Amino acid sequence: MTAVEDRPKTEVGAARKRKEDQRLITGRTKWTDNIQLTGMQHLAMVRSPFAHARITGIDTAAAKKAPGVVAVLTGADIKDTQGAIANAWPITTDQKAPAHLPVAVDHVACAGEIVALVVARTAALARDAAELVEVDYDELPAVLDAKEAVEDAVLAHPDLGTNKSALWRLDSGEQGSGGDVDEEIAKARADGIVIEREYRQQRLIPAFMEPRSTVVDPTGEQITVWTSTQVPHILRFLIAATTGLPESKVRVIAPDVGGGFGGKLQTTAEEFATLAAARHVGKPVKYTETRSESLVSGHHGRDQYQTLTLAATKDGTVTALKVDLIANLGAYVGLVGGGVPVLGAWMFNAIYKFRAYRFTVQTVLTNTTWVDAYRGAGRPEATYAVERLMDELAVEVGVDPLEIREKNWIKHEEFPFTSVAGMTYDSGNYEAATARAKELFDYDGLRREQQERRASKDPVQLGIGVSTFTEMCGLAPSRVLGSLNYGAGGWEHASIRMLATGKVEVITGTSPHGQGHETAWSQIAADRLGVPFEDIEVLHGDTQISPRGLDTYGSRSLVVGGEAVVRAADKVVEKAKVVAAHLLEASIDDVEFSQGRFTVRGTDNGIGITEIATAQFTSHNLPDGVESGIDADATFDPDNFSFPHGTHLCAMEVDTETGQVTMRKYVSVDDVGQIINPLIVEGQVHGGVVQGIAQALWEEAVFDDQGTLVSGSFVDYTLPTAADTISLVTENTTSPSTTNTLGTKGVGEAGAIASTPAVVNALVDALRPLGINDLQMPCTPERVWKAIQSAGSNQAEATTGDAQPHFDAGAPNQDTPGDDAGASTDGAGQ
Amino acid sequence: MTRISVTVDGVDYSDEVEPRTLLVHYLREQLGKTGTVVGCDTSNCGACTVHLDGRSVKSCNVLAVQADGHDVTTIEGLAKDGELHPMQQAFHDCHALQCGYCTPGMIMQAIDVLNDTPDPSEEQIRVGLEGNLCRCTGYHNIVKAVQQAAGAGATTGSSAGTTSGSTLGGEPV
């Protein structure tokens, strides 16, 4: 506890240590899997091993006789009660989306899909019995790759007749926010610069640390669902909407949730299956996934092919950008689904003043794990593409990559700025963030070292990567979302309860899972109400306690939910002021509020807001006609997104003999508007940056030819470890947002959006003298080595066969440059 | 079923377990020691790390029967008389946790690192924590926390005190 004299003047801006930590560091955390209820049964899933098959028979007899088994259920057994998995954002009115049942009935479209449920007395007995369920499958051909899916030669869902889900387009000429793309590109072809590239966004797995878990208690008047989710309110709505259960009979609780990163922004087959099983047996049922189940059945992220054309004048002034995406949705259209690539539509043009812009995305269905939001959702893909292209443009023009950016970016005095994609950026100062980042990085010094290493033909080359990103966050304006056919609004809700003993409850509709809302919301409310930080309790993640909310994703919680707290607090003060004037026997016009006290102007007369709370509890002496109670609710729906930005600089060393890459230095200067808690902001940036670095260097979800997830455990899906990463240099500049009174912008996704291109740009920068202008992510030592070999860099001083005799040509188990079917875009010139 | 006797966080327990029961499941399901969590099924993530006779082990990688006659310390047994262990305090001070799921295992492993190397370099800390995955923090603040705890003399971590030479079923731990 902080002594009163140590209290900061304002809580907002103070590096408060988190309230959440105490339970987390002592093991008193309430994870869903920790919940035990009397009579609780355990659920195990029988999952399809095939990527695509018809189910021709399920024999449950042996499993039903197994020890401890209470019930074995197939999709057919629960087909009328199990509900459905919904897509909330059909991006076009004619979008094709297959029906998505929690438990498949006759057709499985990806490996890992649930085909039967086993309920038993313990989790171990349930798993044992699940092994005894015999499922007959007729295997069907599977389509896995998005480009193949477009051909429609093999269909992921034969009943749909096509793999193409939706074609969505934004064109600056058509919507009047810019010129004609084709015209500008034609001009550049005639007398300018045209850069055409294809980039691959590999498939990633969110890989939150807490495996998903659901407990459903069907006893009592309401069904209670505890689940490891980012979206308890959306889940409650969709349970009601798809199962027919009255919404008022369903309570969803997200207790402590161990990370999400978008991976828990979903209503899952497992949640609906657990609900169906619990209703069937009439007892509480728990399901907790294994990590292997999590990696194959939780939704994946990214997986796009990007075909890009950038046009510029000869001096490097950008004119047009044309973006054609193929986005792999996997087997089903998830909650956000095709909306993920669409969220990138306004961001490929980034901070640059293009005259014309066109974005087209074709979403496709395949027989792979479904793909949905993963940290950044659409914006990392966009940022990667444009930041890679800007480096290519710098090379064409023959200038430093920061110089080409500065030539084209929006100047700080030009805000608010309406982009060629039609978005109005609220505020920013790219010059300031870049200047500070260069200084922290010793940009000029590292450039000198790079020249020296090139000159001396050092086998370890140095590359410097730049990313000057922006993003749109705070998924909100309900009217904008409505115009995009999104199925929900973007408002957020808060309530403040002023308790009789002087304590305060802040109820938020956001649903944190590591972000620190309990601390940050306390800081906001403490300043606004003038009550001590310690006296505020933040409640969340339970639809009965916090009945209105739209949950946590898209860097929206602070900019939308935090502002709702401000407005609820202001309403509390307004209500309390009426009571204060009465008790102080003053005119309300003479009563002022500051730092938790109402005073009468020009006198020493005053009363604290917590005393008013006590007075309204007793209600012994309220003004005539005034209703007892000073609690208040507020809903906030901003007019616009907010647009954080920043400059990230990365130095990578590349061993040209082995392909080994090593991060030397990473600097970020992010402008996320007004900062509520610098400690939390710094933590968000660290985590985001490392997730983005991981996309660049290590992570990829890989399927074999049959559609089996090869990287299906943490042995093969290689998350970064402490030993793989370095300490980061992070700072901030501040351009307050104009879309909320706190001036905040989102920070949860910024790091992951910014860092990936910074790393790959650094690697390409190191190798560019060898003729390399692309590396496919993840840039593993093998891929880097192959790129170097196929670029011919070592030809002059090639290792002879004599020097390494057991690397003879034609011998088995060797990597041969250019002979990698799985990585056909490796190397130069792609 | 096999009977085992184990001391966990200073309390003696004697229970019947299935021979296949993992130590982590014994701790969580039979003793209610849910502070220790399960994050994977391949012994990669380290979320379930506890101390066995004072040395860190991944409790998903130890059978409950192997703990028979031994002393286990979990995250729940670290704080003494309401005082946080210096490593717990350092994690709080340095914002070394966000969602907190990896935190119990990370703290137990970090204490083990300092038991081995009381004054570690950044590199030694990073290598020492390599078997524990965190998805939230990017490790930056975890490294800082271990450095702070090292400065505060956070060795002699868990209660057991025996830090070498223990064996399980004849195999070195």
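Visitor: In chain A, how many bridges join β20(A) to strand β21?

Guide: Good place to start! This is a predicted model, and in it 4 bridges link β20(A) with strand β21 (residues 536-539) of chain A, the two running parallel. One pairing to look up is I507(A), whose bridge partner in β21(A) is L539(A).

Visitor: Why is strand β20 largely enclosed by the rest of the structure?

Guide: As background, side chains in a regular strand alternate between the two faces of the sheet. For strand β20 (residues 504-508) of chain A, count the buried residues: 4 of the 5 are buried, so the rest of the structure largely encloses the strand.

Visitor: Let me zoom out. Into which domains is chain A divided?

Guide: Domain 1 covers 461-490 + 641-794, and domain 2 covers 491-636. Their C-alpha centres are 39 Å apart.

Visitor: How many residues of domain 1 are in contact with domain 2 in chain A?

Guide: Interface size is often quoted as the accessible area lost when the parts come together. Here we can count residues instead: 22 from domain 1 of chain A are in contact with 18 from domain 2 of chain A. On the domain 1 side, the touching residues comprise 8 nonpolar, 12 polar and 2 charged.

Visitor: Now chain B. What helices and strands does it have?

Guide: Chain B contains 5 helices and 7 strands, in the order β-β-α-β-β-β-α-α-α-α-β-β from the N terminus. Of its 173 residues, 59% count as buried. Taking contacts in chain B between residues at least 6 apart in sequence, 64% join residues at least 24 apart.

Visitor: Where in chain B is the pLDDT below 50?

Guide: Chain B has a mean pLDDT of 91, with 88% of its residues at 70 or more. The pLDDT is below 50 over residues 159-173 of chain B, although this stretch has 25 contacts in the model beyond near neighbours in sequence. Where pLDDT is low, predicted coordinates should not be read in detail.

Visitor: What ipTM and pTM does the model score?

Guide: Its ipTM is 0.94 and its pTM is 0.93.

Key:
Residues numbered from 1 in each chain as written. Chains lettered and ligands numbered in written order. Predicted model: local features only at pLDDT ≥ 70, side-chain atom pairs only at ≥ 80, totals over all residues. Buried ≥ 20, exposed ≤ 12 C-beta atoms within 10 Å, placed from the backbone. Pairing = 2+ DSSP bridges. Domains from an automatic or database assignment. Contact = placed C-beta atoms within 7 Å. Nonpolar A, V, L, I, M, F, W, Y, C, P; charged D, E, K, R; others polar. pLDDT = per-residue confidence, 0-100.
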